[in-house]
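Here is a short briefing on selected helix and strand contacts. Have the sequence and the 3D view open as you read.

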Amino acid sequence: MIEIRDGFYALHTLHTTYAFRVMETGQLEHLYYGRKISLGDGSSLVEKHAFAPGNTIAYDQEHLNFTLEDMCLEVSGYGKGDIREPFVEVICDNGSSTTDFVFVDAAEKKGKAALETLPSTYDVSKEAEQLVVHLRDKNEGFLLELVYSVFPKEDVITRSAKFINKSDKPVRLTRLMSMQLDLNRSGYVVTSFHGGWTKEMNRYDTTVNIGKFVNASYTGSSSNRCNPFIMVSEPDTSETMGDCYGFNLVYSGNHYEAVEVNSFEKTRIVTGINPTNFAFLLAPGESFESPEAVMTFSHEGFSGVSAHMHPFVREHVVRGSWQHKERPVLLNSWEASYFDISESSLLRLAKMGKDVGVELFVMDDGWFGERNNDTRALGDWTPNTKKLPNGVAGLCKKVNDLGLAFGIWIEPEMVNTDSDLYRAHPEWSMEIPGKDHSEGRNQRVLDFANPAVVDHMIEQMKQVIGSANIAYVKWDMNRIISDYYSQYLPKDRQQEVAHRYIQGVYRLAKELTQAFPEVLFEGCAAGGNRFDLGMLCYFPQIWASDNTDAVCRLNIQNGYSYGYPMSCVSAHVSACPNHQTLRVTPLESRFAVASFGVLGYECNLCDMSKEDLESIKAQIALYKEYRKVWQFGDFYRVESGNHYQWNVVSQDKKTAIGMIMQREVQPNTMFKKYQARGLDPAKTYHFVGLPRKYNIKEFGDLVNTAAPIHVKPDSLVHNVLAKFVKMDGETEDYLCSGDSIMYDGVKLKQSFVGTGYSDEVRHFPDYASRLYFMTEE
């Protein structure tokens with residue numbers, strides 16, 4: 001609900017309130033964002049000032065009692081006393097950069113309007129409301145439109161801005177943020193997520209008492225270095241307690257989040273397009289839109305923020321035919337074959353996939369042009385008939401005849417210099433003519449700031465996807481941008497390249513997803529290089545990381561879960577030793593971690609043992625049985641560190657699945673309990689673990705403490721025994737109330753500590769895991 005009263009504005013969701021007012025000078029004072037409150041007459045929320053402090057700037061001679069530097073504001077610029085992070089920056093025709101935006105009018109609207117030039121959130125329920133506020137610059141007449149969208153059910157508010165050049169002269173816009181939030185205290189903890197290729201989404205907590213913390217990307221993408229999702233919380237906030245704000249950006253390019261504390265101990269948070277090397281030249285009458293920023297507040301800690309963000313992303317960001325549809329279990333050819341593919345080898349792999357229950361077979365890189373490695377042929381999107389004598393269509397039909405859907409890999413934004421496309425159109429590459437180019441992955445970035453390049457790729461990709469019964473497309477982007485330069489744009493507009501490039505990506509994605517609405521598109525940018533809300537407006541799921549190691553994926557998927565639902569996170573079971581870490585982990589643990597996402601397999605089933613194939617078949621059958629819960633249930637983080645505990649709960653709270661996984665054994669540590677969240681405290685649940693048996697070789701020469709004869713480790717006798725003799729694992733089978741599982745937990749069978757083993761002992765070595773199922777009785 002939007003409440004307007006005598007210059008005061010309050011945006012109410014089910015549990016939160018966001019409030020600001022029009023000051024006597026015309027600026028907007030931010031008053032409050034937190035737990036839901038009644039506005040009253042608003043006077044108690046207004047900051048009181050009698051005299052401005054020394055060494056500050058008074059706004060004007062009629063208002064000497066305060067300085068904008070010591071006010072909480074909705075927007076800000078330089079020149080009138082506020083020296084903090086600005087919301088907007090310009091270079092006017094006369095060279096001035098001072099702005100002074102004051103209130104003009106405001107109007108509320110029902111529903112949620114889309115942005116004109118960028119993807120944005122939406123609302124089919126018609127429960128959302130918008131408040132549109134107009135501010136005018138007193139010096140030059142520029143118009144600033146602030147749009148607030150209220151999503152009451154999810155406790156989310158979004159913000160965006162539009163700068164309109166209402167002057168009669170051109171202006172260079174050098175910064176336009178999407179959101180500014182000023183809080184009247186300091187000492188908040190900023191939680192951000194950093195990493196790199198194969199090590200995405202590591203959580204870091206930074207306390208900001210003074211100065212500035214910046215989380216930003218200049219890679220041309222939202223980046224695996226710094227995800228645009230951040231949280232700002234009170235000290236000592238935990239998973240379930242404490243005031244916490246969550247912020248994200250519906251944008252896939254260079255982003256910027258800054259948290260600054262000034263000398264008055266006020267905290268300013270801004271999010272938006274990275275202003276580094278950014279400028280847009282706007283002629284009179286032209287405008288520029290900022291991306292949409294998403295913000296939420298919870299007094300129930302990090303899990304409270306996640307509980308708002310997850311349904312919001314599912315219902316108001318992800319769209320299309322796959323929004324609520326259960327995603328298929330796929331088998332991807334990459335780690336099985338890399339570039340060395342042929343129709344016959346792919347079909348053998350697909351047949352093995354069908355035998356174990358896979359539903360979708362995906363042909364990865366290497367199928368087009370002279371693509372035998374990563375040095376050539378990107379841009380030449382015609383099938384390699386040496387590898388695929390019957391083309392993509394012929395292979396697709398044969399895979400379909402097996403009873404499997406067929407998918408394909410593309411990388412439409414890139415080109416190799418050794419390609420027919422580059423030789424025909426070198427001017428379509430993003431590079432500085434006549435200058436050395438810094439290469440990445442032996443490829444260059446196509447200039448999507450040039451509409452003709454996007455038009456060409458739209459036609460190319462329509463031909464590829466339309467050439468066969470393709471059900472799935474993996475859209476990759478394997479390098480960051482260097483040498484920002486568009487050979488299409490004039491020299492005085494080169495600072496527009498990064499943003500125009502992302503707009504070109506969005507146009508291509510929109511055209512293809514509209515042309516092929518039933519195709520499941522998966523985003524991938526060297527793994528998690530572009531895992532953001534902008535791409536999720538087109539692709540319902542994103543490949544979270546090129547790292548398929550289960551131990552690494554614990555941390556990676558845990559990191560994503562703070563701001564993104566698990567239905568968006570693709571996760572695969574791969575071979576061991578793992579191709580990225582050479583670590584060996586149990587197959588059941590690889591499945592346990594990957595099942596808390598959109599499950600796939602990325603291994604050479606043709607080389608696997610019969611025992612492993614039987615295990616995979618059982619895994620897939622189990623996943624299909626509980627797929628809806630795993631993909632669309634409410635996800636909870638219970639524990640992380642040496643032990644990770646997750647659980648997911650169906651929307652009706654009748655079914656829940658829990659996981660516990662251990663990194664390293666701690667000696668003489670027998671006790672462990674499993675605790676869940678999100679259950680119905682009044683329900684009774686049947687809590688059960690999966691039955692298990694162990695290979696005696698896992699116990700090494702301890703077998704000799706029980707065997708009637710001496711068994712030499714890894715001898716013929718040992719291997720024969722291992723084939724026919726299995727050790728029974730522990731059973732966990734209880735009837736429990738929902739409140740007891742949540743508030744105390746289920747005490748598990750003791751762990752092995754070296755003093756004896758039976759089926760009452762939990763065999764739990766390094767990287768071991770357990771899945772527990774809770775169903776309503």
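Helices α3 and α4 are roughly parallel to each other (angles under 35 degrees count as such). The model is predicted: local features need pLDDT of at least 70, side-chain atom pairs count only at pLDDT 80 or more, and totals for chains, interfaces and linings use all residues. Residue numbers start from 1 along each chain as its sequence is written, and side-chain values use heavy atoms, leaving out hydrogens and water.

**Helix pair α3 and α4**
- Helix α3 covers residues 343-356 and helix α4 residues 391-401; helices are DSSP runs of H or I with at least four residues, strands are E runs of at least two, and both are numbered from the N terminus.
- Their axes lie 10 Å apart, at an angle of about 20°. Axes are lines fitted to C-alpha atoms over the stretch in contact, and angles run from 0 to 180 degrees between N-to-C directions.
- The crossing of α3 past α4 is right-handed, meaning the near helix is turned clockwise from the far one by less than a right angle.
- From α3, E343, L346, L347 and A350 meet G394, L395, K398 and V399 of α4, where contact means heavy atoms within 4.5 Å.
- This contact of α3 with α4 has 5 nonpolar, 1 polar and 2 charged residues. Ala, Val, Leu, Ile, Met, Phe, Trp, Tyr, Cys and Pro count as nonpolar, Asp, Glu, Lys and Arg as charged, and the others, Gly among them, as polar.

**Helix pair α10 and α11**
- The axes of α10 (residues 587-595) and α11 (residues 610-625) come within 11 Å and cross at roughly 25°.
- α10 and α11 are therefore roughly parallel to each other.
- α10 contributes L587, E588, F591 and S595 to the contact; α11 contributes D612, S615, I616, Q619, L622 and Y623.

**Strand β3 and its neighbors**
- Strand β3 (residues 16-22) is largely enclosed by the rest of the structure, because 6 of its 7 residues are buried (under 20% relative accessible area, 1.4 Å probe, protein chains only).
- β2 (residues 8-12) runs antiparallel to β3, joined by 5 bridges; strands pair if DSSP finds at least two bridges between them.
- A10 has A19 of β3 as its bridge partner.
- β3 and β4 (residues 28-35) also run antiparallel, with 7 bridges.
- T17 stands opposite G34 in β4.
- The β3 and β4 hairpin has 5 residues between the strands, and G26 in the turn has a positive phi of about 100°.

Terms used:
Parallel < 35°, antiparallel > 145°, perpendicular 65-115°, else oblique. Buried < 20%, exposed > 50% of the residue type's maximum accessible area, 1.4 Å probe, protein only.
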